[in-house]
Amino acid sequence: MLNLAKDTVAEVIILARELDRATPEFEAFVGGLPSDQQAELVALMWIGRGTFDAEDWEEAVETAIGEATTPTATYLMGSPHLADHLENGLDALGVAARNEEDELY
């Protein structure tokens, strides 16, 4: 299901919480990910905010690929509560986000 590494998502969550000072790092990190992983980040955020259900993972990823019109980092930064949505998305997929974040701090 989730091909995106948990520590990658944890890094995005940490950077998202620090966007006031970490915008360039966020843009570089997300922009440096392969396009399939960027689509998974968007799908994960959508699941976390309730746009899709966890069982609709493949559809969410396909939609993220098909609807991508702006750089992924820009799109994600425009989402209020991004870090929370990513954490909620991981939780919905059965992954404990807090453990991954704690390991990176």
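Reader: How many aromatic pairs does the structure hold?

Author: The structure holds two. This is a predicted model, where local features need pLDDT of at least 70 and side-chain atom pairs count only at pLDDT 80 or more, while totals for chains, interfaces and linings use all residues. Residues are numbered from 1 along each chain as its sequence is written, and side-chain values use heavy atoms, with hydrogens and water left out.

Reader: How are such pairs described?

Author: By the distance of the ring centres and the angle of the planes. Rings of Phe, Tyr and Trp (its six-membered ring) pair if their centres lie within 6.5 Å; planes under 30 degrees apart are stacked, over 60 edge-to-face, and the rest tilted. Here, the centres of Trp46 and Tyr75 are 6.4 Å apart with planes at 85°, so this pair is edge-to-face.

Reader: Which parts does the pair tie together?

Author: Trp46 sits in helix α3 (residues 35–49) and Tyr75 in helix α5 (residues 72–77), so parts 29 residues apart in sequence are tied together. Helices are DSSP runs (H or I, at least four residues), numbered from the N terminus. Ring pairs also link Trp46, Phe52 and Tyr75 into a cluster.

Reader: Is Trp46 buried or exposed?

Author: Buried means under 20% relative accessible area, exposed over 50%, and partly exposed in between (1.4 Å probe, protein chains only). Trp46 is buried at 6%, whereas Tyr75, at 34%, is partly exposed.

Technical notes. Helix = DSSP H or I, 4+ residues; strand = E, 2+ residues; numbered from the N terminus.
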